[in-house]
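Me: I'd like to learn how to read a fold from its contacts, strands and packing. Can we go through one together?

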Amino acid sequence: MSQKGKVAIITPGSFPIPGVKSSSVERVVLKVTELLQEEIDFYILGKKTLKQPFYEKKGSITFHRYHFQYKTYIQQIIKQLQDIEPDIIQIENRPRFVKMVRLAMPKVKIILVMQSTRFMSRPHIGTMELTACFEAADAIVVNSHFLKEYILKETPCSTSKIEVNHLGVDVEQFQSKWQGEQKATVVRLKREWKVTDKKILLYMGRLIEIKGVHHILEAMPEIIKNDPSIILFIAGITLTTTPEYTAYERRLQKLAEKMKEHVIFTPFVPHEQIQHWYQLADLLVVPSEAEPFGLVNVEAMATGTPVIATNSGGIPEIIDHGKTGILINPDQVRDELISQISSLFLTPAKLKQMGEAGMLRVKNHFTWSHTAKRQLALYRKLLQR
């Protein structure tokens, strides 16, 4: 074992790291490693873009990058791991990689980090194979108690092997909308978008059906009827251009056509700028059918914007109903959006009170510092074994 401890992190290969359009997986890896690099020597292995070098070192973080091809990606990484000889290998969101790495390096400690149910279910993997992958890992980290319960329900995995580590937010980036500089930015953005006197709803995330964006648009005619000053901004992207996803986008655009003055689709918003959109909004809407955690919830709360979200997945672990936001019935999303949004906008003092309570909850529970400390405790526990 090296003096500091060496941890190699295998990213899925779907997105480069760092990258403008990285998913939450890559952002979490970057945030945690940056905070812990004084304690741990990190080696991040991931996808290469044309503009990125194969090898790069930043502080105590070393990047090894590869052209992604499904059949060769993990084999290239395993060869690199054998040269690095890490104390711990952390595998992000790809259970099958665990078995392959275990066969090549039988004595190394392996952590599997799972961010969602997607790669723990069919058609990606069957229960027997998933169980074998879990057995090959020394520890499994999930971002919510919801995911832990999912694993315990679907597999015979031991509860002692599973660690819950809630995700966090950068409180330096996501600051209160009521601070002087942030307040001035909000005023400027409202003027630029010509919504100075409007009440603003925001959807932030991917434009896929499971996120429930259509529920907001289906509710909007009644919401507007109750209060014509309400505007909905949809700041979303489609990460792939499959026929299914493009058809869903067309469906959303068609729903919005009848309300052009009240629904605005924004251009792509880089992650380093999204805090301004949360600060601009009066209320974030998260109508997801399944959300294992949902970083958008804590990002919005950090800026003082309360959240109205479905009472499903890991969201109830974040939102304190009635205090930092509103949880709605996932079987009655449209109707509850209409009633709750209309009611909330009638009581602006309550919205601000929820926003202030949300900022306090983030500060106490959901910062990257909290996430990094919990992860470091796991590293130390494994290194001491």
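Me: Leaving aside its neighbours within four places in sequence, which residues is Tyr278 in contact with?
Reply: Keep in mind that this is a predicted model. The partners of Tyr278 are Phe174, Lys177, Leu202, Met204, Leu284, Val296, Glu299, Ala300, Thr303 and Thr305. For this list, contact means heavy atoms within 4.5 Å.

Me: Which residues touch the most other members of the largest nonpolar core?
Reply: Tyr278 is one of them, along with Ile111, Leu202, Met204, Phe233, Leu284 and Tyr379, in a core of 60 residues. There's also a second, separate core: it has 36 residues, including Leu45, Cys133, Ala136 and Ile151.

Me: Now the sheets. What is the strand order in the open sheet of 6 strands?
Reply: Read across, it goes β11-β10-β9-β12-β13-β14, and the pairing is parallel. β11 (263–265) and β14 (325–328) each have a single partner strand, so one side of each lacks a neighbour in the sheet. From one strand to the next, the twist averages 20°.

Me: How many bridges join β13 to β14?
Reply: There are 4, and the two strands run parallel. For a specific pair, take Ile308, whose bridge partner in β14 is Ile326.

Me: Which strands does α11 touch when it packs on that sheet?
Reply: β9 (199–206), β10 (230–237), β12 (283–286), β13 and β14. The direction of α11 makes about 160° with that of β14.

Me: At what angle do α7 and α11 pack?
Reply: About 35°, with the axes of α7 (residues 213–226) and α11 (residues 333–345) 9 Å apart. The crossing is right-handed. Among the residues making the contact are Ile216, Ala219 and Ile223 of α7, and Leu337, Ile338 and Ile341 of α11. By class, the contact has 7 nonpolar, 3 polar and 3 charged residues.

Technical notes:
Residues numbered from 1 in each chain as written. Predicted model: local features only at pLDDT ≥ 70, side-chain atom pairs only at ≥ 80, totals over all residues. Heavy atoms only, no water. Axes fitted to C-alpha atoms, helices over the stretch in contact; angles between N-to-C directions. Left-handed = near helix turned anticlockwise from the far one by under 90°. Nonpolar A, V, L, I, M, F, W, Y, C, P; charged D, E, K, R; others polar. Pairing = 2+ DSSP bridges. Core = buried A, V, L, I, M, F, W, Y, C linked by side-chain atoms within 4.5 Å. Buried < 20%, exposed > 50% of the residue type's maximum accessible area, 1.4 Å probe, protein only.
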